[in-house]
Amino acid sequence: MPNFLLELGTEELPASFVSGSAQQWQRLVPATLAEESLTNESINVYATPRRLAVLVKGLPVQQLDREEEVKGPPASSAFKDGKPTKAAEGFAKKQGVEIDALEVRATDKGDFVFVLKKIPGRMTADILAELVPQWINKLEGKRFMRWADGDLKFPRPIRSMVALLDDTVLPITLVSGSDTVKSDRISQGHRVLYTAPTPPGGVSIPQAEDYAECLRAACVEVDRTQRKNQIKAQVEAAATKQGGYADITEDLLEEVTDLVEWPNAVVGKFDEEFLILPPEVITTIIVTNQRYFPILKSPDYPELLPYFITISNGDPAKAAIIATGNERVVRARLADGQFFYKADLVKPLEDYLPKLEKVTFQEDLGTVRAKVDRLCKIASLIVNQLQITDEEQAYIARAALLCKADLVTQMVYELPEMQGIMGQKYALASGESEEVATAIFEHYLPKGAGDNLPQTITGQVVGIADKLDTLVSIFGLGMLPTGSSDPFALRRAANAITNIIWAAQLPINLHQLLAQVVAEFTAARPETPTELLDQLYEFFLQRIRTLLQEEKNVDYDLVNAVLGENDPEYTERALRDLLDALERALFLQQIRNNQTLDLIYETVNRSTRLAAQGDLDKVELEPKTAVKPELFQKSSEQAFYDAVVQLVPQTQLCKQTRNYQQLVDSLTEIAPAVSSFFDGPESVLVMDPDPEIKRNRLSLLGLLRNHARVLADFGAIVKS
């Protein structure tokens with residue numbers, strides 16, 4: 001069975017596209033082969049900065065022959081008096097069959113003409129020649145470019161193409177205006193380390209399956225996983241040799257893997273005098289700016305050794321020269337950092353506040369100093385909802401005032417990634433308390449998915465206030481996120497607020513807080529749209545819904561049962577008490593998983609659906625004010641009523657303690673009485689002809705619904 005190799009040789013690709021394109025081909029290639037009924041034994045995708053390749057092993061020589069049934073015109077129009085009409089002749093001609101091959105069959109819509117076509121399998125080579133341009137053109141990424149004078153787009157110019165079916169070149173041509181790339185068997189080795197033995201140069205691939213070994217011999221490791229493992233091993237070995245531990249972050253390892261074709265770890269050194277800088281400054285310069293790996297004294301403590309490791313794509317014999325060049329760059333960057341650090345420490349952090357008046361937060365929202373003022377007000381509103389000490393309140397007020405001051409320091413201007421980090425360092429150097437300094441750092445957390453959340457009450461409150469100001473302000477300008485466009489990271493901000501409240505168990509009434517912040521914003525900007533508050537409520541509900549489903553793994557219908565569907569009372573309840581909403585959602589998932597939910601589902605759901613036809617308020621729990629026992633006609637009604645009377649204190653206690661298991665136990669106990677009401681020998685007709693009796697019975701069901709609503713809207717739950 002033949003093997004197929006495709007390789008695109010390019011100019012140096014952006015690192016992000018190398019891994020991204022490989023992932024796309026890992027999905028696209030198998031899918032398109034399956035659509036063409038081309039089975040295979042394996043598909044391997046390879047990627048380096050100068051090539052993207054795929055090797056498909058075990059393909060058939062050609063497709064299998066297949067049969068396809070085609071439905072034609074109605075029999076009434078295809079045949080008249082037993083003779084074919086022009087409709088039948090046209091259908092047969094279009095399908096390439098004789099009239100005799102047509103069959104008439106009965107369908108749900110009457111008799112129709114059908115034909116069973118035998119379609120011979122096409123040669124695999126012909127299909128691949130058609131698929132390859134699709135694989136190339138369907139790749140997506142940022143900053144695609146045109147080159148020469150054609151319309152073909154790719155992140156970098158395509159210079160060569162290898163297309164082999166076993167040992168035979170599959171003729172494929174890419175045309176981009178006057179620029180043409182034709183397939184052959186010649187790939188390219190390493191730019192520096194490989195010298196072609198004979199003209200015209202390059203690496204000749206004799207067989208498709210020889211690809212990886214041929215390139216390896218030319219100093220190119222095309223297997224991305226192998227390259228990544230080599231880099232990790234080399235970095236760890238180099239760090240050990242220097243008496244330390246390599247600080248290998250996954251993001252840096254991934255990026256460096258896509259920057260080289262033949263990795264070679266090179267150790268560089270910097271002057272020990274730079275170790276007076278905060279470790280975060282050094283690692284930012286080394287990692288973020290230079291893509292080098294720092295070396296730690298201990299794996300558990302961020303104290304650095306004066307060394308770094310770079311992964312070179314050059315000649316290992318020139319490692320000393322490469323190290324010297326990298327050391328020169330690092331020394332200059334660290335010297336700049338040292339200068340900025342010393343200059344920033346000349347005055348206390350608070351003295352930088354006036355400079356914030358010259359920094360624009362957003363054109364229509366004014367300066368960062370104005371944002372700080374809004375942030376301080378929001379923090380005070382949050383404090384009013386929390387039972388915290390006067391000392392904690394003072395820390396929060398101070399941290400809110402200073403949290404953006406480091407933005408106008410020289411260090412953060414040069415290294416924006418250091419915002420918050422330098423604020424913490426400068427606050428401590430200025431004599432601020434540990435609590436205030438930590439909050440200045442923490443209020444930016446989380447910086448992305450999976451990042452740490454703030455751990456101190458000061459950092460939590462200031463962080464929520466900062467994010468809430470951004471949300472309300474940007475929403476107030478009408479700049480809502482649309483589709484994948486979210487330039488102000490508003491979804492991330494709402495997610496962060498919700499997760500901080502959940503993780504820290506903060507009893508914050510978000511419904512009230514949003515109303516207060518919107519009122520403050522509207523007072524300053526009377527032209528603010530009146531629907532702003534409702535937009536924010538809905539936006540937070542969407543984020544809560546997403547977090548419950550995707551991060552907390554709660555089934556969608558149970559989330560609907562907690563947050564409500566077009567139910568203002570439930571919407572408000574969820575936003576008033578996010579902790580309760582989370583607790584109820586997780587509890588519902590738990591009782592579904594252990595099948596306790598099944599014990600009460602039928603009883604409560606049936607009652608809920610019927611109660612919707614009544615007029616009982618959804619918050620009423622007291623049967624003595626909602627139901628008239630004198631209208632009862634069957635003993636089952638009285639039993640139902642008595643059970644609900646006994647349910648009242650249990651439900652009231654549940655509302656106070658949030659012991660929802662107690663409520664579920666009580667609903668389980670009432671289930672037999674409700675079943676007798678519906679289906680027993682003393683069952684009743686709920687929709688009685690007498691309107692008073694009907695209303696009374698619907699109110700009885702409404703009471704059960706309302707007690708169950710303390711936990712969830714059972715009408716939204718789908719039967720398991």
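1. Four elements each supply at least two residues of the lining of the largest pocket: strand 21 (360-362), helix 10 (368-385), helix 15 (457-476) and helix 16 (490-504). This is a predicted model. The space in this largest pocket comes to about 730 Å³. Its lining holds 24 residues, and the closest to the centre are Lys 404, Gln 419, Tyr 444, Asp 466 and Arg 492.

2. The largest pocket is lined by 13 nonpolar, 4 polar and 7 charged residues.

3. The second largest pocket has a volume of about 600 Å³. Of its 20 lining residues, the closest to the centre are Thr 249, Thr 283, Thr 284, Val 287 and Thr 288. The elements giving two or more residues to this lining are helix 7 (250-257), helix 8 (279-289), strand 19 (293-298) and strand 20 (301-312). Helix 8 gives the most, with 6 residues. By class, the lining of the second largest pocket splits into 9 nonpolar, 4 polar and 7 charged residues.

4. How many cavities of 30 Å³ or more does a search of the whole structure find? The search finds 2.

5. The largest cavity has a volume of about 40 Å³. Its lining is made up of Ile 285, Arg 333, Asp 336, Gly 337, Phe 340, Met 411, Glu 414 and Leu 415. At least two of the lining residues come from helix 9 (319-344), and at least two from helix 12 (410-414). Helix 9 has the largest share, 4 residues. In class terms, the lining of the largest cavity has 4 nonpolar, 1 polar and 3 charged residues.

6. The second largest cavity has a volume of about 30 Å³. Trp 147, Leu 152, Leu 174, Val 175, Ser 176, Asp 179 and Val 181 line this cavity. Strand 13 (173-176) and strand 14 (179-184) are the elements that give two or more residues to the lining. Which of the elements gives the most to the lining of the second largest cavity? Strand 13 does, with 3 residues. The lining of this second largest cavity divides into 5 nonpolar, 1 polar and 1 charged residues.

7. For a look at the model, two places to start. In the largest pocket, go to the residues closest to the centre, among them Tyr 444 and Arg 492. In the largest cavity, go to helix 9, the source of 4 lining residues.

Notes: Residues numbered from 1 in each chain as written. Predicted model: local features only at pLDDT ≥ 70, side-chain atom pairs only at ≥ 80, totals over all residues. Heavy atoms only, no water. 1 Å grid on protein atoms, 1.4 Å probe; cavity = no way out; pocket = protein on both sides within 12 Å on 5 of 7 lines; lining within 4 Å. Points joined across faces, edges and corners; volume = space filled by probe spheres on them. Nonpolar A, V, L, I, M, F, W, Y, C, P; charged D, E, K, R; others polar.
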